[in-house]
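Please read them alongside the sequence and the model.

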Amino acid sequence: MAAGRSWVNPVLWVLALVLINAIWSNVSRQDAPNEVNGIDRFEPYRELTVAPVFGSKNAIPSTFQTSFTSSSLEQANVSFAIKKDNISVVHSWSGLLTDTPPEWSGSLEPGTYTVVTEVEQGVDVEQVLMLQPFDSIRLQGHAVLSVLLVVLAFAEQGVRAFVTARTQGAAMKPKKETAPFKQTSFSREDELVLEDDASPWRAPLTPSKEIRE
């Protein structure tokens, strides 16, 4: 029976390895939205900091979305640009209010970025930067999680073997039998005292001095 079940534990660990890597793959592709400009909070210059993930210098997959609307203007000039360290241009676009700004997709290295937006009075702006921070360390995450799971599997086997060995050792160890009644030993003096107390011929008691008087 035990030999027939020996394959179950390795199969469970393999399934756990596949499951945890599938979960990590899904998590690493999740987007983290960062609002740059909104209808109620607009700034022509917005500074953003793209932080490294666990100290990694890998570029982070990013998507920049922009929307221009107006309730009072039918047409206006609009534009925006993304600059790294406020010097090098990563992406820029300019057009009219009725145009649909393209969605920019790319990768941003860790650092400081500035979003410069130019619009006419009465134009509302909505801008969102979507980041996938864990995608930059996706391969490292797969490797680390796999190694940790393998180490945990070997540790679990070691603990099982240790517990089994201790249990079998305790079962094979002979137990010391104890008698339900313990024989009491008497010394020679105790035997004489018992014989004297048990004898019907006892020396008469000597009356005390007060009784004689």
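1. Which side chains meet in a salt bridge at 3.1 Å, N to O? They are those of Arg138 and Asp135; a salt bridge here is a side-chain nitrogen of Lys or Arg within 4 Å of a carboxyl oxygen of Asp or Glu. Arg138 is partly exposed, with a relative accessible area of 24%. The class limits are under 20% relative accessible area for buried, over 50% for exposed, and partly exposed in between, with a 1.4 Å probe and protein chains only.

2. Basis of the values. The model is predicted: local features need pLDDT of at least 70, side-chain atom pairs count only at pLDDT 80 or more, and totals for chains, interfaces and linings use all residues. Residues are numbered from 1 along each chain as its sequence is written, and side-chain values use heavy atoms, with hydrogens and water left out.

3. Confidence. The average pLDDT of the protein is 81, and 76% of the residues score at least 70; pLDDT is the predictor's confidence in each residue, from 0 to 100. Over residues 209-213 pLDDT stays under 50, and the model has two contacts for them beyond four places in sequence. A contact means heavy atoms within 4.5 Å.

4. Overall architecture. The protein has four helices and eight strands, in the sequence order α-β-β-β-β-β-β-β-β-α-α-α. Both are DSSP runs numbered from the N terminus, helices being H or I of at least four residues and strands E of at least two. Of the contacts between residues at least 6 apart in sequence, 78% join residues at least 24 apart.

5. Burial and surface. Of the 213 residues in the protein, 25% are buried. The protein exposes about 16000 Å², and carbon and sulfur atoms supply 59% of this area; accessible areas come from the Shrake-Rupley method with a 1.4 Å probe, and for residues only the protein chains shown count as cover.

6. The remaining salt bridges. By the rule above, the count comes to three. Arg41 forms one with Glu35, the closest N and O atoms being 2.7 Å apart. Arg41 is partly exposed at 40% relative accessible area, and Glu35 is likewise partly exposed at 48%. Lys84 forms another with Glu109, with 3.2 Å between the closest N and O atoms. Because Lys84 lies in strand β4 (residues 77-84) and Glu109 in the loop between β6 (104-108) and β7, the pair ties together parts that are 25 residues apart in sequence. Glu109 is partly exposed, at 45% relative accessibility.

7. Strands β2 and β7. These strands pair in the antiparallel sense over six bridges; pairing requires that DSSP find at least two bridges between two strands. Tyr45 stands opposite Val116 in β7. In β2 (residues 45-50), Arg46, Leu48 and Val50 form the covered face, whereas Tyr45, Glu47 and Thr49 form the uncovered one.

8. Glu118. This residue is found in strand β7 (residues 111-119). Leaving aside neighbours within four places in sequence, Glu118 is in contact with Asn77, Val78 and Ser79.

9. Nonpolar surface patch. Trp7, Val8, Val11, Leu12 and Leu15 form a nonpolar patch on the surface, with about 480 Å² of accessible area together. Leu12 is found in helix α1 (residues 8-28). Patches are made of residues with over 30% relative accessible area and no salt bridge; like charges are joined within 9 Å, and nonpolar side chains (Val, Leu, Ile, Met, Phe, Trp, Tyr) within 5 Å.
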